[in-house]
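Here is a short walk through one protein model, written for someone who likes to keep the coordinates open alongside the text. Take a look at the structure, then read on.

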Amino acid sequence: MERHGDRLTLYLDGCLHDIHEAEDAMIEAFARLIASRPDIRDGGFRAYLYKTARRLALRLLARRRARQTFSLDELTEEPEGRELVEQTVQAAESGRILRACMAELRPDCREALFLVYFEGLSHAETAAVMGKREKQVADFVYRGKNALRKRLEQEGISHAHE
């Protein structure tokens with residue numbers, strides 16, 4: 001662990017994007033090697049260790065994706081009498097996709113869209129907040145809407161033009 005632990009943790013952090021999970025996976029990889037005592041050829045220990053760690057990381061990522069896909073526990077409010085649960089779940093999923101697509105936009109465009117559409121500020125107010133000219137804000141909003149529309153359509157949201 002002293003020889004390979006830090007580098008393996010950094011490798012796993014690159015896969016998992018969570019240093020704490022990476023540390024846990026590194027420890028588990030070593031524990032699995034100790035428990036299974038595999039017959040490793042000379043010079044093959046490091047490759048075997050990284051292969052074990054990679055499998056652990058892939059399992060963790062799959063579990064993470066499974067948890068993000070759908071959960072009734074995440075529904076905080078009861079649907080109205082006529083509203084179907086499927087519609088509520090679909091709206092929550094659309095919101096998640098929108099947030100993910102917004103995160104991929106250029107920072108100026110993302111901030112302008114957020115201030116104008118989510119916070120309800122005018123272009124002049126947004127310009128004051130961002131320290132930009134009103135024309136720049138209009139350009140950020142225009143570019144951001146176009147980029148967001150394309151990205152949402154790639155994600156399968158066909159009513160992105162509304």
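## Confidence

This is a predicted model, and its mean pLDDT is 78, with 79% of the residues reaching 70 or more.

## Overall build

What kinds of secondary structure does the protein hold? There are seven helices and zero strands, and reading along the sequence gives the pattern α-α-α-α-α-α-α.

Of the 162 residues in the protein, 26% are buried. The exposed surface comes to about 11900 Å², and carbon and sulfur atoms supply 51% of it. Turning to contacts with a separation of 6 or more, 48% of them involve residues 24 or more positions apart.

As a general rule, nonpolar side chains in soluble globular proteins tend to be buried together. Here, the largest nonpolar core has 17 residues, and Leu 113, Met 130, Val 141, Leu 148 and Leu 152 are those with the most contacts inside it. Four helices each supply at least two residues of this core: H4 (85-103), H5 (107-118), H6 (123-130) and H7 (134-154). Apart from this core lies another, of 16 residues, with Leu 8, Leu 12, Ala 22 and Tyr 50 among them.

Leu 152 and Ala 100 are 52 residues apart in sequence, and their C-alpha atoms are 9.6 Å apart in space.

## Salt bridges

How many salt bridges does the structure hold? There are three. In one of them, Arg 32 pairs with Glu 28, and the closest N and O atoms are 3.0 Å apart. Both residues sit in helix H2 (residues 19-36), four residues apart, or about one turn of the helix. Arg 32 is partly exposed, with a relative accessible area of 37%, and Glu 28 is also partly exposed, at 35%.

Asp 139 and Lys 135 form another salt bridge, again with an N to O distance of 3.0 Å. These two are four residues apart in helix H7, so about one helical turn separates them. Is Lys 135 buried or exposed? Its relative accessible area of 54% is over the 50% cut-off, so Lys 135 is exposed. Asp 139, at 25% relative accessibility, counts as partly exposed.

Arg 151 and Glu 104 also meet through their side chains in a salt bridge, at 2.4 Å from N to O. This pair links distant parts of the chain, with Arg 151 in helix H7 and Glu 104 in the loop between H4 and H5, 47 residues apart. Arg 151 is partly exposed, with a relative accessible area of 22%.

## A nonpolar surface patch

Some nonpolar side chains are found on the surface. Phe 114, Tyr 117 and Phe 118 form a nonpolar patch there, with about 330 Å² of accessible area together. With 39% relative accessibility, Phe 114 counts as partly exposed.

## A buried histidine

A last stop is His 4, in the segment before helix H1 (5-16). Why does His 4 count as buried? Its relative accessibility is 14%, which is under the 20% cut-off. Not counting residues up to four places away in sequence, His 4 touches Phe 30, Phe 45, Arg 46 and Leu 49.

Key:
Residues numbered from 1 in each chain as written. Predicted model: local features only at pLDDT ≥ 70, side-chain atom pairs only at ≥ 80, totals over all residues. Heavy atoms only, no water. Core = buried A, V, L, I, M, F, W, Y, C linked by side-chain atoms within 4.5 Å. Buried < 20%, exposed > 50% of the residue type's maximum accessible area, 1.4 Å probe, protein only. Salt bridge = Lys/Arg side-chain N within 4 Å of Asp/Glu carboxyl O. Patch = residues over 30% accessible without salt bridge, like charges linked within 9 Å, V, L, I, M, F, W, Y side chains within 5 Å. Areas by Shrake-Rupley, 256 points an atom, 1.4 Å probe, with all protein chains shown as cover. Contact = heavy atoms within 4.5 Å. pLDDT = per-residue confidence, 0-100.
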